[in-house]
Amino acid sequence: MNSASSIPVSVIIVNYNSGRHVSSCVRSVLQHAPDSEVIVVDNASQDDSITLLDTEFADQSQLKIIRHPVNAGFAVACNLGTSHATHEYYFYLNPDCIIDENTIPRLLACLNKHENVGMVGGLLLNADGSEQRGGRRSVPTPGRTLVRILKLSFLSKRFPRLFPDFNLHQQALPEHPIEVDAISGACMLVKRQAFDEVSGLDEAYFLHCEDLDWCMRFHQQGWKIMFVPDAILTHEQGACSKSTPIAVEWYKHNGMVRFYRKFFRHEYPHLLLWTVILAIWVRFGSIAALSSVKNVWQAALGSRNLK
């Protein structure tokens with residue numbers, strides 16, 4: 001039987017204006033998983049990221065670049081990339097991630113150790129080496145979300161039952177792989193069998209929350225999800241969306257509303273659910289308003305400095 005390190009995987013990377021990051025990501029995969037295929041789906045980028053890929057990896061036959069004519073969103077691009085995959089394992093990786101030599105082998109080892117595990121994720125690190133939030137999560141129920149929106153998460157350490165936080169990165173890092181409700185879409189290794197049973201990501205999401213949705217559907221189909229703490233990779237979170245922060249916030253909040261209406265409208269009182277949805281849109285309005293004020297202020301300062 002092949003060792004985990006020798007099992008080829010299909011690495012699926014969705015690119016949108018990620019510049020040099022996607023080249024660094026592909027380089028790390030080709031270096032540490034040379035037997036795997038790398039499928040980059042470009043969502044109609046306007047920068048030079050695909051040109052950089054074409055130039056650096058022109059002689060790499062295991063790299064496939066799919067050029068989508070429009071930016072159709074993350075879920076659509078992931079499903080498109082999967083339709084071109086040929087191996088038994090699908091590794092969904094953000095273009096601003098860098099893996100090391102042990103990332104894929106340790107994920108594979110965990111995935112293959114348990115028949116009922118269909119998806120695993122690794123330890124996402126920030127540039128400073130700290131654990132990034134989102135890599136291991138509880139289900140973001142309406143109650144937990146309300147705690148977060150009201151900025152009461154700081155009380156979760158002292159009163160975890162009264163003020164639960166769905167992000168678990170502030171908890172002690174486990175010594176071994178553990179079962180979790182959800183992992184981050186930045187790093188998901190999935191069995192083909194599980195993908196075929198659950199089907200692909202929900203394409204009604206454009207950006208954000210499609211990974212939570214997918215995790216919920218995996219659980220509904222009887223598949224477990226594991227967090228693997230020694231499968232390490234770095235993630236420059238938000239590197240591909242810094243140029244359009246308000247649009248990203250819109251998609252994030254819209255995705256949150258879809259997620260709650262899809263999974264919780266029959267499980268929670270309507271008053272609580274609609275309170276959470278109202279809070280979500282109030283939060284977005286506050287973010288948009290603050291951003292507009294900031295832009296006006298910066299424009300005024302710039303105009304003043306030119307005089």
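This report describes the predicted model, from its overall make-up to selected local features.

## Basis and overall make-up

The model is predicted: local features need pLDDT of at least 70, side-chain atom pairs count only at pLDDT 80 or more, and totals for chains, interfaces and linings use all residues. Residues are numbered from 1 along each chain as its sequence is written, and side-chain values use heavy atoms, with hydrogens and water left out.

The protein has 9 helices and 9 strands. These are DSSP runs, numbered from the N terminus: helices are H or I with at least four residues, strands are E with at least two. Of the 307 residues, 49% are buried. Buried means under 20% relative accessible area, exposed means over 50%, and partly exposed lies in between (1.4 Å probe, protein chains only).

The protein exposes about 15400 Å², and carbon and sulfur atoms supply 54% of that area. Areas come from the Shrake-Rupley method with a 1.4 Å probe; for residues, only the protein chains shown count as cover. Among contacts with a separation of 6 or more, 82% are between residues 24 or more positions apart. A contact means heavy atoms within 4.5 Å.

## Aromatic pairs

The whole structure holds 12 aromatic pairs. Rings of Phe, Tyr and Trp (its six-membered ring) pair if their centres lie within 6.5 Å; planes under 30 degrees apart count as stacked, over 60 as edge-to-face and the rest as tilted. One of the pairs joins tyrosine 92 and tryptophan 214 edge-to-face, at 5.4 Å centre to centre and 85° between the planes. This pair links distant parts of the chain. Tyrosine 92 sits in strand 4 (residues 89-93), tryptophan 214 in helix 7 (residues 210-220), 122 residues apart. Tyrosine 92 is buried at 2% relative accessibility, and tryptophan 214 is buried at 0%.

Tryptophan 214 also pairs edge-to-face with phenylalanine 218, at 5.2 Å centre to centre and 85° between the planes. These two residues are separated by about one helical turn, because they are 4 residues apart in helix 7. Phenylalanine 218 is buried, with a relative accessible area of 0%. Tyr90, Tyr92, Phe195, Trp214 and Phe218 form one aromatic cluster.

## A charge over a ring

Arginine 258 lies over the face of tyrosine 205, at 5.3 Å from the ring centre. The criterion is NZ of Lys or CZ of Arg within 6 Å of the ring centre and within 35 degrees of the ring normal.

## Helix 3 and its cover

Helix 3 (residues 74-83) is largely enclosed by the rest of the structure, because 8 of its 10 residues are buried. The buried residues are Phe74, Ala75, Val76, Ala77, Cys78, Asn79, Gly81 and Thr82. Their cover includes strand 1 (10-15), strand 2 (37-43), strand 3 (63-68), strand 4, helix 6 and helix 7.

## Pairing along strand 9

Strand 9 (residues 224-235) runs antiparallel to strand 5 (residues 97-99), joined by 3 bridges. Two strands pair if DSSP finds at least two bridges between them. Isoleucine 98 stands opposite threonine 234 in strand 9.

Strand 6 (residues 117-125) runs parallel to strand 9, with 8 bridges. Here leucine 123 has isoleucine 232 as its bridge partner in strand 9. Strand 7 (residues 178-179) is antiparallel to strand 9, with 2 bridges. Isoleucine 178 stands opposite phenylalanine 227 in strand 9.

Most residues other than glycine have a negative phi. Serine 199 has a positive phi, near 80°. Serine 199 lies in the loop between helix 6 (192-198) and helix 7. At 36% relative accessibility, serine 199 is partly exposed.

Cysteine 209 has a positive phi too, near 75°. Cysteine 209 also lies in the loop between helix 6 and helix 7. Cysteine 209 is buried, with a relative accessible area of 10%.

## The annotated span

An unreviewed UniProt entry annotates residues 271-293 as "transmembrane region". UniProt positions are given in the numbering used here, feature names are shortened, and annotations may be inferred rather than shown by experiment. In the model, residues 271-293 are 100% helix and 0% strand. The end C-alpha atoms of this span lie 33 Å apart.
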